[in-house]
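This report goes through a protein structure step by step.

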2 protein chains.
Amino acid sequence: MSDFRNLLPRFESGDALAASRLLSVVENGGPDAEAVLDALFSRTGRARRIAITGPGGAGKSSLVDALTPRFRAAGRTVGIVAEDPTSPFSGGAVLGDRVRMVRAAGDAGVFIRSLASRGSESGLSPLACELADVLDAFGRDVVMLETMGVGQVETRIRFAADTVVVVLTPEAGDEVQSLKAGLLEVADIFVVNKADRAGADALVADLTALAGMRSRTDGWSPPVLATTANRDDGIAAVESALVAHETHLAGNGRREARRRQGLAARVRALVDDALRRAWWQDPTALTRFDAMVERVSRGAVSPQRAARDIAAALRVAAPTSQ
Amino acid sequence: MSDFRNLLPRFESGDALAASRLLSVVENGGPDAEAVLDALFSRTGRARRIAITGPGGAGKSSLVDALTPRFRAAGRTVGIVAEDPTSPFSGGAVLGDRVRMVRAAGDAGVFIRSLASRGSESGLSPLACELADVLDAFGRDVVMLETMGVGQVETRIRFAADTVVVVLTPEAGDEVQSLKAGLLEVADIFVVNKADRAGADALVADLTALAGMRSRTDGWSPPVLATTANRDDGIAAVESALVAHETHLAGNGRREARRRQGLAARVRALVDDALRRAWWQDPTALTRFDAMVERVSRGAVSPQRAARDIAAALRVAAPTSQ
């Protein structure tokens, strides 16, 4: 505990090594992680958060890599959290498709943290958001979250960032059809990457039709952009779209409203986790569970009724005066 | 309530219309669904349950379609639950890749129920398991569950079936690398479908190496089979592998142990859901939540600490004597 407390002044003065060590403390979890997040949370909220999501192999890392020098050229520091088992940042590349992060290497204005997804669930983890919090508190102007979103789209990601960029490839056309509603719900910007491949135009047309089909409650119409990120083609248009969305968010308190919703969603998810943990550590709850599973195995009661009977033991204590 | 009670005798005598209506009652959820599942649960446990999982477009439906007449030829009745937004069974086919379910159409020995996945999460839903329960109680000898498993593999599916068949295509090779551990954990049989495409041999070799790498605690070594399901190529080998796994399960009480684990996992997941529902309907819990989100938005407390404080109100009531 005292160890990380010593790091805080160095962190606050912009020491990258201290930042790196605090990221590790958070990554390792437990009470120290929570204490770090508590200490840093009031310093967050300044960074522009951009989520880059899409299936493995869509070229999310290449896009992040192509955007980074552009933010740097505009004088903005960059933090990157990559959570994708297939990401080159996490050492997961298998087909030699490594991005040229040499561009960013050695630049103190770029801070990269990658974590291989550890759970069995796809999509954004609470940990990725927490690492983004640390980079935000560290004073990065832009924090990019690279995360794998496949199959059913993770709607959670909508609240993890100011802007969500969904990256797809022409090959994904088939899947896109089944994900229409979910995609439209999360994407602020669509990027069709590897646009030199067959089917790119059709996918751009499909997504454009999709984006025009339904007006969003926030009044933003997601642009559909074609890129070949590893050749830097089309990246200027993505940069412009990011600026346009930033301007859009600045109006009518939209950014603040979105962040408040995002924080509420984060707290809600963390409460769900904490409840589950507390419940399954409670000896009374476990005794009830074991007895019920025994009855279910005998065919005496259905799993549904068993679960209802077990959960009926839930009580919520009234708040103590504070 | 009385309505579905009238259906039960007809259901028990094998009336397909009654089965269809009870499936709808379960699908619609609520107290009636639970009452149906309670009434039927003691009749379940006889069917052989086979899960067919894999990414959208892998050919899961084609495999189900190719296996069905073989089960029928062996004198076994078949029930199919398809939960996959891209499945032709659920009307989700977009590229004209419709399977020829004409083979099964009109055969009273085949009962198909499809549901488009409604949640935003991928993978098997509790509802799919419940529909499988109904088909099991209806006396189907074999119940196949077709479900989309993409990205990170859904380990839950392991406990939803006696045998899990993972269907992949040569194009999935890249993704497979990142999913090794998860795949090995769930797959009892690997099928490389569309084996006439480039890369099929390499994927078969990769999976074979993977399957041989780690010995499973259950002593089963997952075979890797190449098929072209829509041409019926390689299906006999899949059928043989299914028989071999059935024989394997028959030894040492393995099938019963797996089912007990599966039921425990199902009850656990249902308890999690029920807890969440009960918690977020509790006025005290909601008041605590709103107050905390307000403090988080002001930067006064981190989301982590807020969640911990809120969840600290959890109590578990001691069981009443019964």
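β1(B) and β5(B) pair in the parallel sense, over four bridges. Helices (H or I, at least four residues) and strands (E, at least two) are DSSP runs, numbered from the N terminus, and two strands pair if DSSP finds at least two bridges between them. The model is predicted: local features need pLDDT of at least 70, side-chain atom pairs count only at pLDDT 80 or more, and totals for chains, interfaces and linings use all residues. Residues are numbered from 1 along each chain as its sequence is written, chains are lettered from A and ligands numbered from 1 in the order in which they are written, and side-chain values use heavy atoms, with hydrogens and water left out.

**The sheet of chain B**

Elsewhere in chain B, strand β2 (residues 78–83) runs parallel to strand β4 (residues 142–148), and six bridges join the two. A82(B) has E146(B) of β4(B) as its bridge partner.

How much of β5(B) is buried? Six of its six residues are, where buried means under 20% relative accessible area, exposed over 50%, and partly exposed in between (1.4 Å probe, protein chains only). T163(B), V165(B) and V167(B) point one way from β5(B), while V164(B), V166(B) and L168(B) point the other way; all are buried.

**Nonpolar cores**

A nonpolar core is a set of buried Ala, Val, Leu, Ile, Met, Phe, Trp, Tyr and Cys residues joined through side-chain atoms within 4.5 Å. The largest has 51 residues, and those touching the most other members are F11(A), V166(A), L168(A), F190(A) and L207(A). Helix α5 (residues 126–137) of chain A gives the most to this core, with eight residues. A second, separate core of 50 residues includes A19(B), A137(B), F138(B) and V164(B).

**Chain A and selected residues**

Chain A has 11 helices and eight strands. Of its 322 residues, 54% are buried. Contact means heavy atoms within 4.5 Å. Among contacts in chain A between residues at least 6 apart in sequence, 76% join residues at least 24 apart.

D188(A) sits in the loop between α6 (173–186) and β6 (189–192) of chain A. Its side chain makes a polar contact of 3.0 Å with the side chain of R258(A). A polar contact is a pair of N or O atoms within 3.5 Å; within protein, one must be able to donate a hydrogen and the other to accept it, and residues adjacent in sequence count only if both atoms are side-chain atoms. I235(A) is found in helix α8 (residues 235–250) of chain A. Beyond neighbours within four places in sequence, the contacts of I235(A) include L63(A), A66(A) and T227(A). I235(A) and R43(A) are 192 residues apart in sequence and 31 Å apart in space, C-alpha to C-alpha.

In chain B, T217(B) lies in the loop between α7 (200–213) and β7. T217(B) and Q304(B) are 87 residues apart in sequence and 37 Å apart in space, C-alpha to C-alpha.

The table gives the accessibility of some single residues.

| Residue | Relative accessibility | Class |
|---|---|---|
| D188(A) | 0% | buried |
| I235(A) | 0% | buried |
| C129(A) | 6% | buried |
| C129(B) | 7% | buried |
| T217(B) | 89% | exposed |

A search of the whole structure finds zero disulfides over all chains, a disulfide being a pair of cysteine sulfur atoms within 2.5 Å.
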